Structures are given as structure tokens and as C-alpha cells.
Amino acid sequence: NPFKAFEGRAEEGHYVELLRGKCKGQRGVICKDNKDSNTYKVKLADGTITDYLRPEELASSGLDKAACIAQIAKADAAAALQRAVDSLPTEACQALERLRKRVAQDTLPLLSLLQVEPLQMQSSHLS
């Protein structure tokens, strides 16, 4: 969760999640950073701009909206892939492990090892 990982000071442009009040759980972008009083205004997804909020009333991702959403999507995809792998039958897992070992040892003619962890292979073809 990018909102729990960021430990720095929230700044204008950061994508944040509101932690308290009537808008709790909503997300938006800091549109005003009043550094003198250490308060923020946030533009929510529906276009509403909040009253001034204190730092403890929001959690910043430390990222802009596009980067934060991309990070969340990547984490969701990785979790879905892991669930799919975890649901494979034992025989399929054993076959994949044998395949991984052969590629790592370069003993599988039409696959080349690109990266060991996470496993990335590239298929080749004979010309």
C-alpha cells in the first residue's frame, strides 16, 4: 500500500488518502500546501476541494496520481499472479520448477534465460 509506505512530508501534487472526517477513505491530489501552518487542501476525484487538513488527517503516497495508480495496479497484478501460481496443481508446479532449472543451466535449446528472479525467459527459433 503506497499510502502506508511513504514517510516523508506530503507536498502539493501528491496523491493522498483522507483518514478522518466525512471524506474518510476518499482519495485526491493536494492542490494547496500551506507550509506556514502545515495544512493542505485536497482536490477529490469528484472535483470537490476540501477545507484545510492537518498532516495527521491524510496519508500521502509520495507520488503523483498516475504513478500511484500504476503502482497499485502493478501490486494488484503481482498478487493475482501469485494467487494463480498458488492454485496450480502439484504436478504443474514440479514441471515449472524442472523447466526453470533447465533454462538456468542453459540445457533447453529454444529458451534463453533473461533473468533468474523473477524468472524471465525468451523463446528462440531456428532459422
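**The second largest pocket and its surroundings**

Guide: The second largest pocket is lined by Leu18, Arg20, Gly21, Lys22, Cys23, Thr48, Ile49, Thr50, Asp51, Leu53 and Glu57. The model in view is a predicted one. The volume of this second largest pocket is about 200 Å³. Sorted by class, its lining comprises 4 nonpolar, 3 polar and 4 charged residues.

The largest pocket holds about 410 Å³ of space. Its lining is made up of 14 residues, of which Leu81, Val85, Leu96, Arg100 and Leu119 are the closest to the centre. Two helices, H2 (65–86) and H3 (90–104), each contribute at least two residues to this lining. Helix H3 provides the largest share, with 5 residues. By class, the lining of the largest pocket consists of 10 nonpolar, 1 polar and 3 charged residues.

The structure contains 1 aromatic pair. The ring centres of Phe3 and Tyr15 are 6.0 Å apart and the ring planes meet at 45 degrees, so the pair is classed as tilted. Because Phe3 belongs to helix H1 (residues 2–5) and Tyr15 to strand S1 (residues 15–18), the pair ties together parts that are 12 residues apart in sequence. Phe3 has a relative accessibility of 6% and therefore counts as buried. Tyr15 is likewise buried, at a relative accessible area of 9%. The cut-off behind both assignments is a relative accessible area under 20%.

Methods. Residues are numbered from 1 along each chain as its sequence is written. This is a predicted model: local features need pLDDT of at least 70, side-chain atom pairs count only at pLDDT 80 or more; totals for chains, interfaces and linings use all residues. Side-chain values use heavy atoms; hydrogens and water are left out. On a 1 Å grid over the protein atoms alone, a cavity is a set of points where a 1.4 Å probe fits but cannot get out, and a pocket is an open set with protein on both sides within 12 Å along at least five of seven lines; lining residues have an atom within 4 Å of a point. Grid points are joined across faces, edges and corners, and a volume is the space filled by probe spheres set on the points. Helices (H or I, at least four residues) and strands (E, at least two) are DSSP runs, numbered from the N terminus. Ala, Val, Leu, Ile, Met, Phe, Trp, Tyr, Cys and Pro count as nonpolar, Asp, Glu, Lys and Arg as charged, and the others, Gly among them, as polar. Rings of Phe, Tyr and Trp (its six-membered ring) pair if their centres lie within 6.5 Å; planes under 30 degrees apart count as stacked, over 60 as edge-to-face and the rest as tilted. Buried means under 20% relative accessible area, exposed over 50%, partly exposed in between (1.4 Å probe, protein chains only).
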